[in-house]
Amino acid sequence: MLEVLKQIATNTQEAGSPVAVMFGTVTKVSPIEVLVDQRLSLSNDGVSDPSLQTLILTEKVRSLAVNDSVVLLRVQGGQQFVVIDKVV
């Protein structure tokens, strides 16, 4: 019962902020991989499984290099991350 209440509280909190701003570092460029918080590695290698986390690039960030810092938006649920721009 306690776990169910914790999950309900977590879901309610996430619903209040459907997008989170995060920062990451490019670790590979082809296919692009971004490391977030030293523990979460994201890629857009073309995997079409909707249950996996996916990385979406905007048109502005087509020319990234290894070690570039980027700003990302985590869509609610944490399954999709949108790289919105490079941090300079």
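**Exercise 1.** Work out which pattern of helices and strands the protein chain follows along the sequence.

*Solution.* Start with the inventory: the chain has one helix and six strands. Helices are DSSP runs of H or I with at least four residues, strands are runs of E with at least two, and both are numbered from the N terminus. Now read along the sequence. The pattern is α-β-β-β-β-β-β. This is a predicted model: local features need pLDDT of at least 70, side-chain atom pairs count only at pLDDT 80 or more, and totals for chains, interfaces and linings use all residues. Residues are numbered from 1 along each chain as its sequence is written, and side-chain values use heavy atoms, with hydrogens and water left out.

**Exercise 2.** Determine the strand order in the sheet, and explain what sets β3 and β4 apart.

*Solution.* Pairing comes first: two strands pair if DSSP finds at least two bridges between them. The order is β3-β2-β1-β5-β6-β4, in an open sheet with mixed pairing. Next, the edges. β3 (40–43) and β4 (54–57) each have a single partner strand, so one side of each lacks a neighbour in the sheet.

**Exercise 3.** Describe how β5 and β6 pair, and find the residue opposite leucine 72.

*Solution.* β5 spans residues 69–75 and β6 spans residues 80–87. They run antiparallel, joined over six bridges. Opposite leucine 72 stands valine 83 in β6.
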